[in-house]
Amino acid sequence: MSGNVRVAESLHEEGENIGLHRFALFTACCTAFLIFVGGLVTSTQSGLSVPDWPTTYGWNMYTFPFSKWVGGIFYEHSHRLVASFVGFLTVILAAWACLTERRRWVRNLAVAALGTVIAQGVLGGLTVLFLLPTAISMAHACLAQTFFCLIISIALFTSPQWKQGLPRVSYTDHSLTSIRLPILCAMTTGAIYIQLLLGALMRHTDSGLAIKDFPLSFGRIIPHFTSSHVAIHFSHRVGALMVASMIVWTFYRVRNEYRDYSLLRRPATLLFSLLWVQLLLGASTVWSQKSVLITTAHVATGALVLGTSVLLTLRAYGMISKRVAAWR
Amino acid sequence: MRRLSLVAGSALLLVFAFFAACSSKDDGIPPLPTGTNANSDGAAPPPAATATVSGKIAFEGEVPKPEQIKTSQDPMCKNPIFSEETVVKDGGLANVIIYVSKGDVVGKNYAPPSTPVLIDQHDCHYLPHALVVQVNQELQIKNSDDTLHNIHAFPDPSSGNAPFNQGQPVKDMVANHKFDHEEILLPVKCDVHKWMGAFIAVLTHPFGTVSGDGGKYELKLPAGKYELTAIHEKYGKQTAMVEVKDGDKAMLDFKFKSTDTKSGN
């Protein structure tokens, strides 16, 4: 009898945790959409079209009449509503994790995600009230990416694959000079994050068209740094080159050494594919003189590149590192 | 359990934010910053303007065709609106600000006029497009439209004037603002309707005006010798000297070319 109860409890727990995993996935998708909508706000320069916060022209933001969603208000107000929706999803996610998740560190991660989304909301409000100061706007943009990574991590850690244990890969040192894959993936993720920081700096200092030609810069390989805008813009281009090298390196390492492990191969292939999309979007942003849709797609794809890299990194650690593999 | 309490606390914080967002409509609108370090107390009235300088701001070269602005994103902006960057009629350029840039009246601490200067958001554009206001003079900002506007000022950070962003969601709403420091060509815009923009010249004295239809202007001045500057948002600035005595009616024309640019001046 007691055995049956245990099995039932186990099944019940498993069902709940699959639910939690799916809910985390759903939250991650909503967060990616939120980043796109947030990108639209900056691309359309609508960040200050609603001058007050948390109200919207004095209305409760949830009762603001739809007929008044005109011009830049449409983008800014939509961003606020989608953001508050993601906020509520995160509350549910954190509560769900606290109630059903047996691993303390996963519960902590969910609570950290909740803290991050609250901080993110406050930063969003502050940047409106202080008329978009670069530091706050950048922090808002970067915290969005951090939050996205946290939600992706939670989705991964609550997945049945992770909990049942990822397949173990014995590390073979193919070359004395090569670094371990998990470390390489972590370095790639770090490089992508720094590149996103530079991208945010470029957007929020209005340096996106400081160099108007591509692939050259004012007809040269290295431009004359006539202003800080040119320097910021060019550093983002150099960053793109470095990130591209890191991703290509990571992809080839996975393809050559871990080809049989689909859990590594798939995200690495996705990362490699997204890289080319992202590079094309970056170039098109310049060629199209910052077309709203292209620029926003560039921001959103940047988040997907980071998210995919985080996923690959965590899986690489989970499969290759003994210490991380024990986190179940 | 402690973690659950933390989550519950955070949820409460969000609920609190929700109720904060439910505050009454009027409470939610942040007040405009107003000039606080104005030194109008004890300021002398400006000397009587007994002379008149008038003339025309001529425009030479190809006149850009007025471009109709697409306003479809707001159904309340029904009337056709045209770009106001270059408004030329009978060879005269409108929206040029003419002011005393050198002379006895410059750098004095004159009491601001008690009458406010009005900038109206009307038919989804600013009326007037260019205006002159004195330091510490009331600028009255009105929304005459049946739609929401925000007026967002972009002072030069070095000017000392505070930027502001004021929402005006209701028709006939009026807000007031004072500028603390001189600033010539302070742009304002509406972030809701991107095409809406205006330019303000904040002067320390009342001797400034804006060219109207056909580029005509008239400026009342006290007797004296002055440098007058005519400045336009796109075509930059021109200067000229003028000397007037009490009761004089002097003529002074300025000429802008289509090839002039703001950065080139």
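This is a predicted model: local features need pLDDT of at least 70, side-chain atom pairs count only at pLDDT 80 or more; totals for chains, interfaces and linings use all residues.
**Entry 1: two helices in chain A.** I looked up helix α8, residues 262–287 of chain A. I paired it with helix α9, residues 292–320 of chain A. How do α8(A) and α9(A) pack? I found an angle of about 160°, with the axes 9 Å apart. Angles over 145 degrees count as roughly antiparallel, so α8(A) is roughly antiparallel to α9(A). I then checked the hand of the crossing of α8(A) and α9(A), and noted it as left-handed. Next I sorted the residues in the contact of α8(A) with α9(A) by class. I wrote down 18 nonpolar, ten polar and one charged.

**Entry 2: the span of one helix.** I turned to helix α3 of chain A, residues 104–129. Helix α3(A) has 26 residues. I took its reach from the first C-alpha to the last, and got 38 Å. That is close to the 38 Å expected at 1.5 Å a residue. I also looked at what comes after α3(A). L131(A) follows, and its phi is positive, near 60°.

**Entry 3: a strand in chain B and its partners.** I moved to strand β4, residues 97–102 of chain B. Which way does β4(B) run against β16(B), residues 224–232? I noted the two as antiparallel, joined by five bridges. In this pairing I97(B) stands opposite I231(B) of β16(B). I then looked up strand β14 of chain B, residues 208–210. Three bridges join β4(B) to β14(B), and these strands run antiparallel. Here I found Y99(B) opposite G208(B) of β14(B).

Terms used
Residues are numbered from 1 along each chain as its sequence is written. Chains are lettered from A and ligands numbered from 1 in the order in which they are written. Axes are lines fitted to C-alpha atoms, for helices over the stretch in contact, and angles run from 0 to 180 degrees between N-to-C directions. Helices (H or I, at least four residues) and strands (E, at least two) are DSSP runs, numbered from the N terminus. Angles under 35 degrees count as roughly parallel, over 145 as roughly antiparallel, 65 to 115 as roughly perpendicular and the rest as oblique. A crossing is left-handed if the near helix is turned anticlockwise from the far one by less than a right angle, and right-handed if clockwise. Ala, Val, Leu, Ile, Met, Phe, Trp, Tyr, Cys and Pro count as nonpolar, Asp, Glu, Lys and Arg as charged, and the others, Gly among them, as polar. The expected span of a helix is 1.5 Å times one less than its number of residues. Two strands pair if DSSP finds at least two bridges between them.
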